[in-house]
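Subject: Handover of a structure, with notes

Dear colleague,

Please find the structure below, passed on to you for your own study. My notes on what was found in it follow directly after.

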Amino acid sequence: MSLPDDPLDSATRAQAVPVLTARPSVRSHQLQQVEGPGAPQLIELRGTSLIIGRSPEAEVRIPSSSLSRQHVRLDRGDDGWTVTDLDSSNGLYLNEIRIYSAELRDGDTVQLSDALFVYFEGR
Amino acid sequence: MSCFVRFWGTRGSIPTPGRKTHRYGGNTSCVEVRIDDSMFVLDGGTGLRELGVDLLKRGPAPVRAHMLFSHMHWDHIQGFPFFVPAYLPNSRLSIYGTFTGDRRHHQLLSGQMSSDYFPVDFSSLNANIVASDLGPPTGRIIEGVAVRCFDQRHPGGSYAYSLEKDGVRVVYSTDNEVDLGLADPAAAQRDLAAPRELPPELVAFCRGADLLIADGQYTDDEYVKKVGWGHPRASTVTDLAVQAGVGQLAIFHHDPMHSDDHIDALVGECRERVARWGSGVIVFAAREGMTLKLG
């Protein structure tokens, strides 16, 4: 007795295949405050720029006397966000190293005096 | 006085883009040092391309750059043909050799743009590109910044540079196989935990720097198989930083085979070594896109 060449394939119904479009979920970049006044909180990074500081005018206000009124600025770039020290009194620390500015990467810690944040890249 | 140091390329040997190098970056050696209104560019690896793009975004002022090259291997010059300010007539780029009359760096930069390698000839660049040198071994003052160089151990030779103004000092020492200059290299290999006996003249060159940017390409295990390749153990440059009493050590020229996690582990070992010596030197991995403010 002879078997068909490919019984499974012969059962496949040929048809015109429409191209399907997937819509992957999009999540914005985030800063999660894990220590300090106001923690815990999750900050969605939207727009092009924002200030973190003690001032009521700061987009992200941290009620700590050791933060400068305008402590750091975050700017959106082609490849995520950049954090820059605004000549603060107590500095900006990236992964425990004092810096002036850096492009943030997933999992980075950002410390502003007694406030500690973790950066998460969006997708 | 203001002094900013920005890393545009921190990788050694060859560009390594990809997810595994996302944090520390894949572009090859290029560091911008801005002291007051003067700009120094240390090496022209692929990171130089992005510096050029950024300079155009900063405003319409003509680019004035003092360019110092550790040596002319590919990973230190490959960005130059893609450095946009070199194509702009208002730019002025000073290419420094080392000692009086040394024009090799200018000549070799132009050589990589001959038609066999690149479609645009060096002579077609519109910028005013000037060949210069650092004069006597005591160095030269460039726009108020004291610039000195130091002869290093690398196949074909390489140079470290010191930039200093108003007591703030940056030392850039990449592609330097410090281990070959140890008083007793075999002893260092027998007992990796012992302090390394470093060349005193190198320690003196780095002495008291606020920031030492140093090639730390290999782990202790890797180095054994790569003696003579021109790069040191990270543990050895850690000892250099401690013995020279620098403020911060930026481990630089990351091995192209090292992932971000690998570099973190390497830095962790260096920090343990610093702690063992009871030193306060701050050690971190140089990272593309990071800017430090000194002084």
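I begin with A:R105, which is buried, because its relative accessible area is 7%, under the 20% limit for that class. Please keep in mind throughout that this is a predicted model.

A salt bridge pairs A:R105 with A:E103, and their closest N and O atoms lie 3.3 Å apart. A:E103 itself counts as partly exposed, at 23% relative accessibility.

A network of salt bridges links A:D79, A:E103, A:R105 and B:R6.

What surrounds B:R6, once its neighbours within four places in sequence are left aside? B:R6 is in contact with A:E103, with B:C30, B:V31 and B:E32, and with B:G289, B:M290 and B:T291. B:R6 is found in strand β1 of chain B, and B:R6 is buried, with a relative accessible area of 17%.

Another salt bridge joins B:K293 to A:D87, where the closest N and O atoms are 3.9 Å apart. B:K293 lies in strand β14 of chain B, while A:D87 lies in the loop between β6 (80-85) and β7 (92-94) of chain A, so this pair joins two chains. B:K293 is partly exposed, with a relative accessible area of 44%, whereas A:D87 counts as exposed at 65% relative accessibility.

I turn now to the interface as a whole. How many salt bridges are counted between chain B and chain A? The count is three, and over all chains it comes to 20. Between chain B and chain A there are also eight residue pairs in polar contact, both residues being at pLDDT 80 or more. On the side of chain B that touches chain A, the elements giving two or more residues are β1 (3-9), β13 (282-285) and β14 (291-294) of chain B. The residues of that side divide into six nonpolar, four polar and six charged.

In terms of contact, 16 residues of chain B meet 16 residues of chain A. The size of an interface is often given as the accessible area lost when the parts come together. Here the area buried between chain B and chain A is about 1,200 Å², and carbon and sulfur atoms give 50% of that area. Within chain B, the residues that lose the most area to chain A are B:H22, B:R287 and B:T291, which together account for 40% of what that side buries.

Finally, some remarks on chain B by itself. Chain B has seven helices and 14 strands. Its radius of gyration is 18 Å, close to the 19 Å that the globule rule gives for 295 residues, so chain B is as compact as a globular protein of that length. The C-alpha atoms of chain B fill a box of roughly 55 × 40 × 30 Å along the principal axes. Of the 295 residues in chain B, 57% are buried. Among contacts in chain B between residues at least 6 apart in sequence, 70% join residues at least 24 apart. Chain B also holds a salt bridge of its own, in which the side chains of B:R58 and B:D54 meet at 2.8 Å, N to O; B:R58 is partly exposed, with a relative accessible area of 39%.

With kind regards

Definitions and conventions
Residues numbered from 1 in each chain as written. Chains lettered and ligands numbered in written order. Heavy atoms only, no water. Contact = heavy atoms within 4.5 Å. Buried area = accessible area lost by both parts, 1.4 Å probe. Salt bridge = Lys/Arg side-chain N within 4 Å of Asp/Glu carboxyl O. Polar contact = N/O pair within 3.5 Å; in protein donor to acceptor, adjacent residues only side chain to side chain. Helix = DSSP H or I, 4+ residues; strand = E, 2+ residues; numbered from the N terminus. Nonpolar A, V, L, I, M, F, W, Y, C, P; charged D, E, K, R; others polar. Rg over C-alpha atoms; globule rule 2.2 N^0.38 Å. Buried < 20%, exposed > 50% of the residue type's maximum accessible area, 1.4 Å probe, protein only.
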